[in-house]
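Please read the following paragraphs with the sequence and the coordinates open side by side.

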Amino acid sequence: MKKSIEISPNIETLFGTRDENLHVLEDGLNINIDLRSDSVELEGAARDVARAEQVFSDYDFLQRSGFTFTNGDLNSMLRVLIADPKATLRGLAEAGRQRSLGRRSVQPKSVNQRRYLEAIEKHDMVFGIGPAGTGKTYLAVAMAISALMAKRVNRIILARPAVEAGERLGFLPGTLQDKIDPYLRPLYDALYDMLDPEKVDRYLEKNVIEIAPIAFMRGRTLNDSFVILDEAQNTTSEQMKMFVTRLGFNSKAVITGDVTQIDLPSARRSGLLEAVDVLKSVEGLSFVYFDEGDVVRHHLVQRIIRAYDEHKTKAAEDQVTLLEAKNHSNGKSNGTAAEQTQRENTAMPAPQENPAQE
């Protein structure tokens, strides 16, 4: 099927640098896009051409309504809608506008990130589980700020375990805040990236935003709050149970973690792993899983994560092969010994009766 689309004003901004966005559409929808002087020619299967035509139509509508795309958001949206046939460019853009943080808007850069944001909007407790760099913490903080700005909650509480020091922080110099700040720095970084530094400092001073180790959550009931537990893989079973039972009225909780980076002593089971088993059938919760395809850091991070996964798989396979070889060797050794005994018994003459003794 062929379709000709008239070029509207400023539509060339949809094409991207060196037409990279058009290449995304061509590869993802399996169509050909031919740029003419006054039109764009689409060729491919009818359904795929219709989806591409919808992208052009949505982009024209968004431009006319004053929407602007920044920081590669358009390219990310195109990749999301290609991966999800139900998604539209207009729907993704308007959802991001609703999550606007003033100087920033929250846009998912993968299908799993989109599911994560939608899960946070629909559920009161969400678990985001996956490798580093997939945006678990950043998006959770962004959603918390969005809820605070829209006055859906009165405060944000960010918690993190400090297991690297065993939560025995007394040997560190400085005040209590000085002791725990290094472990909570990633949460501060996310806040300062999304809000003006003066506003962050003001919110922290007034406890509108509170950042603390998970141990400080004990005994509290958190109402009208957006609560985030980061690095949850390093919580103990007791800490996780304590945290998930803090949730009060009109509150949301997001628990994030990477089960491949557990720093707990080997004798302790991760509270996050136990929570996945215990809470998986509880109604009202949502579990969202990320993989290396969702990594939004440097492209090397995806390759590094994939290399570690492949190494782990190969090590497991080598271990199985080693055990099988050992068992086979033991069985063969036992068989040889048994055969040798049998041969010895066969070769040994039977004792003869002494006729002189009769």
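In the protein chain, residues 24 or more positions apart account for 71% of the contacts with a separation of 6 or more, where contact means heavy atoms within 4.5 Å. This is a predicted model, in which local features need pLDDT of at least 70 and side-chain atom pairs count only at pLDDT 80 or more, while totals for chains, interfaces and linings use all residues. Residues are numbered from 1 along each chain as its sequence is written, and side-chain values use heavy atoms, with hydrogens and water left out.

The secondary structure of the protein chain comes to eleven helices and nine strands; helices (H or I, at least four residues) and strands (E, at least two) are DSSP runs, numbered from the N terminus. Of the 358 residues of the chain, 43% count as buried, a term that stands for under 20% relative accessible area, with exposed meaning over 50% and partly exposed in between (1.4 Å probe, protein chains only).

A helix pair can be taken up next. The axes of α1 (residues 20-29) and α2 (residues 46-64) come within 10 Å and cross at roughly 155°, the axes being lines fitted to C-alpha atoms, for helices over the stretch in contact, and the angles running from 0 to 180 degrees between N-to-C directions. That crossing angle makes α1 roughly antiparallel to α2, since angles over 145 degrees count as roughly antiparallel, under 35 as roughly parallel, 65 to 115 as roughly perpendicular and the rest as oblique. On the α1 side L22, L25 and L29 take part, and they meet D48, R51, A52, V55 and F56 of α2. By class, this contact has six nonpolar, no polar and two charged residues, where Ala, Val, Leu, Ile, Met, Phe, Trp, Tyr, Cys and Pro count as nonpolar, Asp, Glu, Lys and Arg as charged, and the others, Gly among them, as polar.

Helix α3 (residues 73-83) is largely enclosed by the rest of the structure, because nine of its eleven residues are buried. Those buried residues are D73, L74, N75, S76, M77, L78, V80, L81 and I82.

Which members of the largest nonpolar core touch the most other members? Of its 35 residues, they are Y116, V141, L158, L191, I211, F226 and I228; a nonpolar core is a set of buried Ala, Val, Leu, Ile, Met, Phe, Trp, Tyr and Cys residues joined through side-chain atoms within 4.5 Å. The elements that give two or more residues to this core are α5 (111-122), α6 (136-149), β5 (155-160), α7 (176-194), α8 (197-205), β6 (209-213) and β7 (225-229), and α6 gives the most, with nine residues. Leaving aside its neighbours within four places in sequence, V141 is in contact with L158, A190, L191, M194 and I228. Apart from this core lies another, of 30 residues, among them L25, L81, L92 and A93.

Some single residues remain. P186 is found in helix α7 and, at 34% relative accessibility, counts as partly exposed; P186 and T137 are 49 residues apart in sequence and 8.8 Å apart in space, C-alpha to C-alpha.

Most residues other than glycine have a negative phi. D224, in the loop between β6 and β7, has a positive phi of about 50° although it is not a glycine, and E231, in the loop between β7 and α9 (237-244), has one of about 55°. D224 is partly exposed, with a relative accessible area of 28%, and E231 is partly exposed at 26%.
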